[in-house]
Structures are given as C-alpha cells and as structure tokens.
Amino acid sequence: MSHSQGIDLSSPISFGGQHPASSPYTGTDFTAYSPEQVRAGPSAAAPKAAPLGLAIAAPGPPIFLNDFSIHDAGYISRYLQVIALPDGSTAGSDQEYETHAVTQEMKKYAVYVEAVPVYNHGVHVRFDDISHATESKQQLEQTGFTVDYSDGHTFCIVKCQDTAANNEFEGQIRVVAKLRIDDGSTFKPDYAASLGNFIERDIGVFGVVRACIHVDTDESSKTFVFRMEFNSIDAANRAVASTLKDGLYGQCPEFTWSIIDARAWNGPMTSNSPHARHPRIDDQGRLVQFRLLPQPNLNLLRGAQHDQHNRVRRERIIDGTDVRTTIMLRNIPNKLDWMNLKTLLDKYCFGTYDFLYLRIDFRTGCNVGYAFINFNDVNGMISIIDNLEHRNWNGYRSSKAAEVSYATIQGKEALTTKFRNSSVMQETPFCRPRTFMAYSDAVANGTPRLAGTEVSFPIPDNLLKLQRSIESARSMGLYPPHGVNGLNDHRNRASAYDRGTPRDIMESTAMGYSQSNNLYGIAGSVGDPVKRLIEQWYVEAHGQCQLGVIPFAYIPTVYINQYLATHNGAPGVIGQPSHSARSVRTSVFANPAVMTTPSRASGRFSMAPGTGVGGPGLSHY
C-alpha cells in the first residue's frame with residue numbers, strides 16, 4: 001500500500017509565525033520553534049546533540065524526515081521503489097525491461113536530473129532533493145507505475161553497502177551562531193527566535209530549508225545552536241563547506257551575529273531509527289553481532305602502477321613542474337554513484353573542481369571503475385592525494401584501493417568539447433558528465449555562495465559529429481571484443497555483448513534481408529512530408545537530443561530504412577521497393593515484436609540495429 005494515502009498535511013508554523021505553515025510533502029519552509037518548552041524545564045526541553053549511537057531520543061512530534069517511521073501514513077523519503085509496472089507485471093522479474101521502462105521516464109523530466117537508479121529485485125531510485133522524490137512519485141504513478149517510498153537502510157542493502165554507512169540525518173546540519181550586543185544590553189535567551197529567522201533566511205541561499213529548530217543556548221559564550229534540514233543533501237553539504245570557508249554573519253537592531261561553526265548533524269537517534277530496529281549488516285552481507293572469520297588483505301598483492309609517467313606526484317605539483325589539471329580516479333567501487341562521489345569530493349576539496357564524469361555501464365547502471373575530474377585549483381588535487389589515494393572505500397563491498405593518475409585529455413575546455421557532441425549526452429542524466437561552479441569562478445562573478453553548484457553542460461555545436469557518435473554508439477558498444485575478424489561486420493552489430501546469441505542470429509538475418517532487398521538505398525528518395533513523419537517517429541521511438549527534435553538529415557540511415565520498411569506504401573516515397581507489405585511484415589527485420597520496444601514475452605530488448613541494451617546502452621563516444 002502506498003504511504004501517500006491519509007496524509008495529514010498540517011505542519012508547525014515557522015519562526016515567530018512570519019512564514020506560512022506548509023506540508024511535509026511539499027518540502028518547503030517547514031520550521032518549528034518553541035522557546036517556552038526550553039524554559040519550561042528539563043522534561044520539555046529539546047534534546048542536546050549527542051554522538052550517533054550513544055543515545056536514542058525520546059519520541060515526539062515528527063519534524064525532521066528521520067523522525068517519521070516508515071510505517072507512518074505520512075512517511076516520505078528520498079528513496080523510491082518500483083513495485084509494479086504499467087503493464088501490471090510485478091517488479092523483480094525482468095531487469096532489462098524494468099530498467100528500460102524507468103530510465104525512459106527519467107529522460108523526460110527535470111526532477112530526475114539529480115537521481116540515481118539501482119536494480120536489485122526491482123528498480124530503486126535515490127534522489128538528492130526530497131521535493132523531487134515526491135514529485136517523481138506522483139509522475140510515475142500517473143504514468144501507471146506502482147511506487148512506494150523506501151528508506152536509506154534498505155537502499156544500502158540494495159547497493160550491497162554496509163548499513164552503518166546509512167546516514168539517517170542526511171541533509172541536516174548543526175549551526176552554532178554567536179551574538180555580539182553592541183549597545184551593552186543584557187544577553188537574552190529570547191533572542192533565539194529572531195536569530196533563527198535571520199539564519200534561516202540567509203542560509204537559504206544554498207537551498208530550501210525544510211525544518212529549523214533551536215536546540216541549545218550557552219549564555220556564557222552568547223551562542224545558540226540550531227538544527228536545520230535542507231530539501232537537498234547537496235545544499236546542506238555546500239552550506240557547511242561554504243560557511244566554514246567564508247563565514248556567514250548579519251546584523252539586526254538588537255545585536256550582530258555570526259556563524260562560528262557548521263557541521264553535519266550527528267545524533268542522537270530517534271526511537272524509530274533504522275539502526276535501532278534493524279540488525280547491522282556489513283559490506284559483505286554479514287551480521288556484525290556474530291564473530292567473523294578474518295579476511296585476507298588483498299591489497300598486499302597489488303603490484304606497482306604500470307603507467308608511472310601518468311602518476312600524480314605531490315612534489316611536482318607543489319614545485320610547479322607538472323601543471324596538468326585533469327585526473328583519472330581509478331578503482332572506484334562499481335556501486336558508487338556520482339552523487340556519493342561528489343559528496344566525497346566536497347568533503348576534501350570543495351570548490352576546487354569544475355568537471356566530473358563517472359563513467360557508467362548503461363546496461364547495469366553501475367560505474368565501470370573510474371572517473372575523470374578536472375581541478376580549477378591544484379590544492380584540491382593535493383587533497384585528493386592526501387585523503388583518497390591508496391585508501392579503501394569504506395562501506396562498500398570492495399577491496400579496491402583508490403588510485404590517481406593523469407587523464408589523457410586535459411582541461412575543462414577540451415573535456416567539454418569532447419563530450420558536448422557525444423552520444424553520452426543523450427543518455428539518462430545520471431550517466432552524463434557534469435560541470436560545476438568552482439570557488440574562484442564564483443568569487444569572480446560576485447556569487448561566492450554558488451560555489452559547488454552544477455552548471456549547465458554546453459549544448460552540441462556539431463550535429464554531424466553528434467550523428468557519427470550516435471551511430472558509433474549503436475553499432476560498436478562500450479567494450480569491443482578482442483580478436484574479432486572483419487571490422488565492418490563488428491561495426492554493424494548492435495552490441496559487443498550479443499555475439500552467438502539468438503538475438504545476434506536474428507540481427508544478422510535482418511541485416512542480410514535489408515541488404516538483399518536494397519533497403520539501404522530507399523532513404524535517398526524521401527519527400528518532405530515523409531521526412532517530417534520520420535522525425536516524429538524517431539522522437540517517439542528513441543527520444544530527442546538536447547536541441548529538441550533531431551532533423552531528418554541527422555537521423556541514422558538504418559532507422560530511416562527501418563521506418564520505410566515498416567510503413568510500406570507511405571505517401572511521398574519515390575521508388576518503393578518491389579516487395580509487398582506482407583513480405584516486409586513477415587520478415588525478421590520488420591517484425592513488430594522485435595523492433596523498437598522491450599518485449600515482456602522474450603524478456604529482451606528489440607533486435608533492430610542500434611536499439612536495445614547493446615547499442616545505445618553501452619557506448620559513450
């Protein structure tokens with residue numbers, strides 16, 4: 001049953017009643033403050049911060065996301081799980097079909113730009129922004145999917161992570177503000193209400209603040225402690241990093257204030273915490289309360305790097321003898337996604353990088369083990385060497401140790417030039433490279449608080465190059481096999497994974513049929529009305545590019561011929577093939593059951609050239 005039924009949309013009023021009440025489902029302007037409870041005595045006071053795991057907070061009215069139990073009617077989270085598909089089939093039976101169905105929706109709407117899908121007995125989707133998760137749930141349900149909220153603990157198990165890596169306080173920060181009273185007035189604890197208003201307003205430049213409460217006061221040091229929750233996890237991380245880097249301060253008639261400390265909120269757990277109700281499972285899938293066998297350290301068997309000439313050396317960066325800026329971060333766990341990688345980078349080198357590309361295998365949705373990062377400030381590169389290189393990835397089922405080397409392509413400009421006209425930009429958003437605002441650029445623009453935010457990737461500027469990239473992606477695949485005879489035969493296959501399979505045999509038959517019936521010569525005699533029909537059909541079958549509808553001149557020839565073969569007798573076609581419509585429809589090439597959409601009966605994608613997992617799902621260039 002969906003948790004979205006029977007929801008109480010009421011919520012507390014913001015600081016001082018200056019903002020309207022809002023629903024926890026809207027994810028906007030959800031704040032609460034009760035100074036009377038703080039002064040009423042220990043029984044009503046808000047709990048002070050404690051290290052994670054040392055205490056469990058007493059139950060109270062839900063305010064923050066982790067205060068809600070997954071069994072509550074009003075439960076929401078940043079995690080979604082697909083229960084059933086529009087055709088009525090239950091999730092967990094066909095990975096290719098289910099993944100394709102969800103990712104096709106992810107290509108259409110902006111709410112999925114910062115979302116990552118994972119398949120494990122069904123599709124699970126993680127969002128950065130809680131409002132995007134609630135909106136996407138509505139969108140999927142209107143499309144015919146059955147979707148329910150999940151939690152971070154379940155998502156860790158889905159990704160084969162240590163459940164201790166689940167941060168139930170994600171998106172929440174602890175802010176310590178200090179007051180300075182210029183006119184010599186007496187310090188008043190009641191200042192917390194007005195101070196909370198100012199902090200919530202000013203720190204909102206990083207993102208929408210969902211909840212904010214006052215949790216502690218120290219009269220001797222004239223400081224107040226606030227607990228805040230952002231809709232976006234990335235906004236919370238940027239708020240901490242930017243505030244520590246530049247500070248945040250303000251002035252009001254009674255006092256001047258400044259934030260002297262900001263960090264991620266870290267406890268105590270609530271009574272409905274997943275850490276309290278679930279046993280801990282490590283990254284090897286073992287229950288940690290039982291005695292475990294010792295595991296060998298496989299890193300001792302690792303040899304020296306083979307590309308010593310590309311090794312990143314700290315001393316050469318410092319003395320200026322090596323001025324390269326783009327690195328290749330290798331040995332990344334396959335389950336790590338780009339949002340987790342960005343969080344890790346912001347922890348050690350916030351605002352120093354402006355390009356990030358975690359390369360993805362489109363068939364599995366997992367990364368292929370390496371990422372490209374371009375640094376605007378070499379101090380960030382040094383920080384990566386000091387904090388990540390030769391270290392294990394905690395929380396992941398992997399014995400890999402991170403390695404850093406220089407990339408072949410150097411510089412943000414060269415990287416964006418390469419990828420802007422690449423077929424990878426037409427894939428699901430989580431597969432694409434991304435550019436970010438570096439701190440130095442943000443300062444130069446007079447907007448230092450925008451450091452670390454994503455910048456729109458440049459649109460294609462060479463449609464011919466984009467067409468070649470798309471055609472290559474649909475014929476070559478990501479990993480060309482070794483020792484294959486006949487380069488042309490290899491290039492004309494839909495996938496490097498499908499050799500010798502029934503789909504490969506059917507595809508070879510289809511290609512032989514099209515060549516024997518001269519289908520590759522039809523496209524040259526197409527009238528303008530049919531061109532418009534082909535453009536419309538291509539958008540419905542394969543989607544648009546960043547510029548919108550792909551013009552007829554840039555649609556791969558194989559798809560033009562495919563349309564003409566399956567729409568025999570279409571008006572405006574000069575020089576129709578002599579074969580009848582019946583013979584075309586009965587051929588393997590024109591069989592609708594194996595054309596352009598996944599089939600539930602076969603559990604496979606279409607066998608038309610360039611469609612299916614092996615074509616657009618595997619190549620980046």
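In which helix is Asn197 found?

## Model and Asn197

Asn197 is found in helix α5, residues 191–203, where helices are DSSP runs of H or I with at least four residues and strands are runs of E with at least two, numbered from the N terminus. This is a predicted model, in which local features need pLDDT of at least 70 and side-chain atom pairs count only at pLDDT 80 or more, while totals for chains, interfaces and linings use all residues. Residues are numbered from 1 along each chain as its sequence is written, and side-chain values use heavy atoms, with hydrogens and water left out.

Asn197 has a relative accessible area of 12% and is therefore buried (under 20%, with exposed over 50% and partly exposed in between, for a 1.4 Å probe and protein chains only).

## Arg227

Arg227, in strand β8 (residues 223–230), touches Cys212, and its other contacts include Phe64, Phe169 and Trp265, not counting residues up to four places away in sequence; contact means heavy atoms within 4.5 Å. The side chain of Arg227 makes polar contacts with the side chains of Gln172 at 2.6 Å and Asn66 at 3.3 Å, a polar contact being a pair of N or O atoms within 3.5 Å, where within protein one must be able to donate a hydrogen and the other to accept it, and residues adjacent in sequence count only if both atoms are side-chain atoms.
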